[in-house]
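Please look through the sequence and the model first.

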Amino acid sequence: MNFMESDTRTIATRFGLTSLRDAGTGSSAIMSLHGLSGSSRNWGWQFASFSSTHRCLAWDAPGYGNSVIGDSGIDSYAARVVSLLDALDVESATLVGHSMGGVVAGRVAGRYPDRVSGTLLSCTHTGYAMAPGEGFTDGHRQRLDEMDRLTPREYGLARAE
């Protein structure tokens with residue numbers, strides 16, 4: 001399967017429309033959750049490697065791709081993941097989450113353990129152990145500024161350094 005030829009589709013959930021990529025066969029599902037500034041396209045190599053033996057799913061988080069924005073927050077995002085699994089008739093999935101997606105995957109596993117058959121978390125953290133409401137660090141503000149003024153490629157190259 002050529003992942004880049006795999007278009008996103010949009011599915012209705014109880015939270016509104018969510019866009020995703022869905023490919024592969026098999027009785028077990030892998031649900032991939034991208035990080036900030038990412039999308040379902042981030043998971044191309046994983047789809048290529050696993051879609052012959054697993055059902056591979058990758059969402060566009062709320063506000064990304066064609067997914068409606070709605071409520072923000074990790075609890076809301078976790079409920080949206082479960083709602084998407086419901087809409088896709090997936091009982092449980094291995095969740096793969098990078099950065100923000102890993103935080104969401106961890107919350108899904110904690111709140112809805114019967115829906116998760118495993119987790120793989122990459123570069124996952126919540127706010128550098130800052131207290132809620134503490135505000136952005138200079139590093140956070142710099143990243144937000146870079147996102148506003150750089151193209152996605154330039155931003156990726158700057159973050160990779």
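The points below cover the nonpolar cores, a pair of packed helices and one arginine. The model is predicted. Its largest nonpolar core has 24 residues, and two of its helices, H2 and H3, pack at an angle of about 70 degrees.

**Nonpolar cores**

- Within the largest core of 24 residues, Met31, Leu57, Trp59 and Val108 have the most contacts.
- At least two residues of this core come from each of strand E3 (29–33), strand E4 (55–59), helix H2 (74–87), strand E5 (93–98) and helix H3 (100–111).
- H2 gives the largest share, six residues.

**Helices H2 and H3**

- The axes of H2 and H3 lie 9 Å apart, and the angle between the helices is about 70 degrees.
- Angles of 65 to 115 degrees count as roughly perpendicular, and H2 and H3 are therefore roughly perpendicular to each other.
- On the H2 side, the contact is made by Ile74, Asp75, Tyr77, Ala78, Val81 and Val82.
- On the H3 side, Met100, Val103, Val104, Arg107, Val108 and Arg111 take part.
- Of the residues in this contact, nine are nonpolar, three are charged and none is polar.

**Arg143**

- Arg143 belongs to helix H4, which spans residues 138–149.
- The relative accessible area of Arg143 is 22%, and the residue is partly exposed.
- Arg159 is 16 residues from Arg143 along the chain, and their C-alpha atoms are 8.6 Å apart.

Key:
Residues numbered from 1 in each chain as written. Predicted model: local features only at pLDDT ≥ 70, side-chain atom pairs only at ≥ 80, totals over all residues. Heavy atoms only, no water. Core = buried A, V, L, I, M, F, W, Y, C linked by side-chain atoms within 4.5 Å. Buried < 20%, exposed > 50% of the residue type's maximum accessible area, 1.4 Å probe, protein only. Helix = DSSP H or I, 4+ residues; strand = E, 2+ residues; numbered from the N terminus. Axes fitted to C-alpha atoms, helices over the stretch in contact; angles between N-to-C directions. Parallel < 35°, antiparallel > 145°, perpendicular 65-115°, else oblique. Contact = heavy atoms within 4.5 Å. Nonpolar A, V, L, I, M, F, W, Y, C, P; charged D, E, K, R; others polar.
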